[in-house]
Amino acid sequence: MGYPQQPYGQHPHPGYGPPRRRSNLPLILGLAIGLPLLLLGGCVAIVVAAGGDSRDRTSVAGQSSAPPPSAPATEEPEVVVTVTKTARPRKTPTPKPSAAAEAPQVVMPNVVGMNLQEAQDFLQEKGFFLIRDRDATGKSRFQMWDRNWVVTRQAPAAGRRSSTAEWVTLWAKKISD
């Protein structure tokens, strides 16, 4: 004895089966209407001015096209809607003194010929913490183990007074090169 035969595509137990697919229409309509309003809301101001008469008064050869005196004169305020774009105030950055101007000036030590790790440690003792490593052979190799490399060139040059906030670049090559 098995389950009773169900029509094709129906689950034998009501309420089970694949979930019904929900429509994305409310989401799409909400975005289509709300997004432009949201974008325009911050940069458009509506100015309403009242006053005057809503009738168009034109003159032909000195004659006014005002309503005839027999018609009752009603004062209806004229509503004028003007859309203007408002500029958002921009913050003016306050000038900050450069880090190089605040940092002390130190004589650059000579680290050429030193092990790359020792050169970095020595420069940090002197106050230089902005240190870059480059491959001196031009192969753009990454110095994974700094003790395996020797410094061949440096910038700024040794003996020059430079700020400790200035970048120091060390070119190195593998000891085996």
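## A walk through the predicted chain

The protein chain has an accessible surface of about 14400 Å², with 59% of that area belonging to carbon and sulfur atoms; such areas come from the Shrake-Rupley method with a 1.4 Å probe, and for residues only the protein chains shown count as cover. This is a predicted model, in which local features need pLDDT of at least 70 and side-chain atom pairs count only at pLDDT 80 or more, while totals for chains, interfaces and linings use all residues. Residues are numbered from 1 along each chain as its sequence is written, and side-chain values use heavy atoms, with hydrogens and water left out.

The mean pLDDT (the predictor's confidence in each residue, from 0 to 100) of the protein chain is 75, and 59% of its residues reach 70 or more. Over residues 44-54 the pLDDT is below 50, although this stretch has 27 contacts in the model beyond near neighbours in sequence, a contact being heavy atoms within 4.5 Å. Residues 56-60 also stay under 50 in pLDDT, and for them the model has eight contacts beyond four places in sequence. Where pLDDT is low, the predicted coordinates should not be read in detail.

Three helices and nine strands make up the secondary structure of the protein chain, where helices (H or I, at least four residues) and strands (E, at least two) are DSSP runs numbered from the N terminus. Along the sequence they follow the pattern α-β-β-β-β-α-β-α-β-β-β-β. Of the contacts with a separation of 6 or more, 67% are accounted for by residues 24 or more positions apart. Of the 177 residues, 16% count as buried, meaning under 20% relative accessible area, with exposed over 50% and partly exposed in between (1.4 Å probe, protein chains only).

The largest nonpolar core has 12 residues in all, among them Leu 116, Ala 119, Leu 123, Trp 149, Val 151 and Ala 172; a core of this kind is a set of buried Ala, Val, Leu, Ile, Met, Phe, Trp, Tyr and Cys residues joined through side-chain atoms within 4.5 Å. Helix 3 (116-125), strand 7 and strand 9 (168-174) each supply at least two residues of this core.

In helix 3, the buried residues are Leu 116, Gln 117, Ala 119, Gln 120 and Leu 123. Because they cover an arc of only 165° around the axis, they lie on the same side of helix 3, the arc being that of the directions from the helix axis to the C-beta atoms. Their cover includes strand 6, strand 7 and strand 9. At the start of helix 3, a side-chain oxygen of Asn 115 reaches to within 2.8 Å of the backbone nitrogen of Gln 117, and helix 3 is followed by Gly 127, whose phi is positive, near 110°.

Gln 143, in the loop between strand 6 (131-135) and strand 7 (149-155), is buried, with a relative accessible area of 7%. A polar atom of the Gln 143 side chain lies 3.2 Å from the backbone oxygen of Arg 134, and, leaving aside neighbours within four places in sequence, the contacts of Gln 143 include Leu 116, Trp 149 and Ala 172. Gly 113, in the loop between strand 5 (105-107) and helix 3, is exposed, with a relative accessible area of 53%. Its C-alpha atom is separated by 9.8 Å from that of Trp 149, 36 residues apart along the chain.

Key:
A polar contact is a pair of N or O atoms within 3.5 Å; within protein, one must be able to donate a hydrogen and the other to accept it, and residues adjacent in sequence count only if both atoms are side-chain atoms.
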